[in-house]
Amino acid sequence: MTVIKKTVLIVGDIVLLYLSLAATLFIRYGGVLFPKTFNDHLVPFSLIFVLWIVILYLADLYRVRSLRSKGTIASTLFVALIVAGALSTIVFYLFGEFFELTPKTNLLLFGIVFFLLDYRWRSLARSWFVSGAQNVVVLGDRSRVEELMRYLAQNPHAGYRIAARLTAVTPAALAELTRTVLASNATSVILPPNASKDFSVLSALYRLLPLEVTLVSFSDFYEIIFEKEPLDELDEAWFIQNVSTRQPFYDSVKRVADLLLAGALILLFAPFSIIIVLLIAITSRGSIIYRQERVGKNGKPFTLLKFRTMRDGGEGALWTEPNDQRVTPFGRFLRFSHLDEIPQFVNVLRGDISFIGPRPERKELVLRYANLPYYEMRHIVKPGLTGWAQINYRPSASLEEAYEKLRYDIYYIKNRSLILDILIVLRTVKYFFLSHESHVTPRKA
């Protein structure tokens, strides 16, 4: 259902972009000149619309949580359109000869029209999601059920409502399950772990089939809502059934993309790299490149490369603190801009890492995190420069935070695909420009 909601929002935006363009041109030029002006603007603006959709995605406007309130919709949409409008202006004026168009008033009027229409559309979508929320019945008394119930109660726009809950999955309760589903008008039943192994539960579920009720495992439903995995609800059987260690086509395409992109970025950043090398040598003593052992695929160690950002010999804690005195002034700039990670493109070429995957950890941290449930599963895929956990959760500075990031990593490993990788790349671009060091970050020498 969440996928359907996102698709509805995207399709609605595409329709409104063209409708806003038509309205803008009709307002400016009237009905007589409208056909010609619309034809002149159609192709240039169609190309710009791709940029607008990307900006709206980066603003998280295709996540259901963006519909939390009308105020959230208005403020987020306004900021996104300011950015989209500014970038569109730059594109039109840089490539004016290609577009044969450098709109000023039209672009401003278009932005205003689209904001008004899209705000109204998203407000209506929010009301539709709330009023059309599906009733679900939850079986079982697990710790994550409470978390799920609180979230759905606070976010009715998510589209689900807990209509009934059977905490004790007893024969008596199961005997009333059909009546409970009918009374609550439920469309889905959320199943407890290992439901398929309990004959009494299976028998009760079998009787629901004529009611056309959707049966969903708790882990799958939790994943849909939170886009991470409830690790404490999983077992080895879940991993065997849901996690693929090899995806030949995906793995091959991803490797080719890694090679092409890493090679292109090395060439692109070559002039900056030369300047960085000189400035590191001038501003502090020590090696230019910092080498650090990290744990890669299948637990094999490899040497991760970075530009040095700390004073030589700046070893110590596994994490840096804000205003860490070991970091050089120029190193602080490199960290903030992420330019210290340019040498990791060489790691990508070598095949040590990919652009997308769980972030590789130091051996010391891997040993510390080894007792986290299913932590070894992070190593069945190649680590990456960025990943699902990195764009959804802050860098870990404790076992609890490492556990939370692991839940996102397992989600990525289960659902990894070229489309998900592209979405991660887009959102990484967003976080690249919004980078800050207000939180504790893993030590980067």
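Val-137 stands opposite Val-189 in strand S3. This pair belongs to a predicted model. Three bridges join S1 to S3, and the two strands run parallel. Val-189 also has a bridge partner in S4, namely Leu-215.

The strands S2, S1, S3 and S4, in that order, form an open sheet with parallel pairing. S2 and S4 stand at its edges; each has a single partner strand, so one side of each lacks a neighbour in the sheet. From one strand to the next, the twist averages 30 degrees.

The pairing of S1 (residues 134-139) with S2 (residues 160-166) is parallel and rests on six bridges. Gln-134 has Tyr-160 as its bridge partner in S2. Between S3 (residues 188-191) and S4 (residues 214-217) there are four bridges, and these strands also run parallel.

Two crossovers accompany these pairs. S1, helix H5 (residues 143-154) and S2 make a right-handed β-α-β unit. H5 lies across S1 and S2, and its direction is at about 145 degrees to that of S2. A right-handed β-α-β unit is also made by S3, helix H8 (residues 199-206) and S4.

Within the sheet, Leu-191 is found in strand S3. Its relative accessibility is 13%, which is under the 20% limit, so Leu-191 counts as buried. The C-alpha atom of Leu-191 is separated by 7.4 Å from that of Gly-140, although the two residues are 51 apart along the chain.

A helix contact was examined next. The axes of helix H9 (residues 218-226) and helix H17 (residues 399-415) come within 12 Å and cross at roughly 105 degrees. This angle falls in the range from 65 to 115 degrees, so H9 is roughly perpendicular to H17. By class, the contact of H9 with H17 has four nonpolar, one polar and three charged residues. H9 contributes Tyr-222, Glu-223 and Phe-226. On the H17 side, the residues are Arg-407, Tyr-408, Tyr-411, Lys-414 and Asn-415.

Asp-60 provides a loop example. This residue lies between helix H1 (2-58) and helix H2 (70-94). With a relative accessibility of 12%, Asp-60 falls under the 20% limit and therefore counts as buried. Beyond residues up to four places away in sequence, Asp-60 touches Arg-65, Ser-66, Arg-427 and Lys-430.

At the level of the whole chain, the secondary structure comes to 18 helices and ten strands. Along the principal axes, the C-alpha atoms fill a box of roughly 75 × 75 × 40 Å. The chain has 445 residues, of which 47% count as buried. Among contacts with a separation of 6 or more, 76% are between residues 24 or more positions apart.

How values were computed:
Residues are numbered from 1 along each chain as its sequence is written. This is a predicted model: local features need pLDDT of at least 70, side-chain atom pairs count only at pLDDT 80 or more; totals for chains, interfaces and linings use all residues. Side-chain values use heavy atoms; hydrogens and water are left out. Buried means under 20% relative accessible area, exposed over 50%, partly exposed in between (1.4 Å probe, protein chains only). Contact means heavy atoms within 4.5 Å. Two strands pair if DSSP finds at least two bridges between them. A crossover is right-handed if, with the strands pointing away from the viewer, the path from the first strand over the helix to the second runs clockwise. Axes are lines fitted to C-alpha atoms, for helices over the stretch in contact, and angles run from 0 to 180 degrees between N-to-C directions. Angles under 35 degrees count as roughly parallel, over 145 as roughly antiparallel, 65 to 115 as roughly perpendicular and the rest as oblique. Ala, Val, Leu, Ile, Met, Phe, Trp, Tyr, Cys and Pro count as nonpolar, Asp, Glu, Lys and Arg as charged, and the others, Gly among them, as polar.
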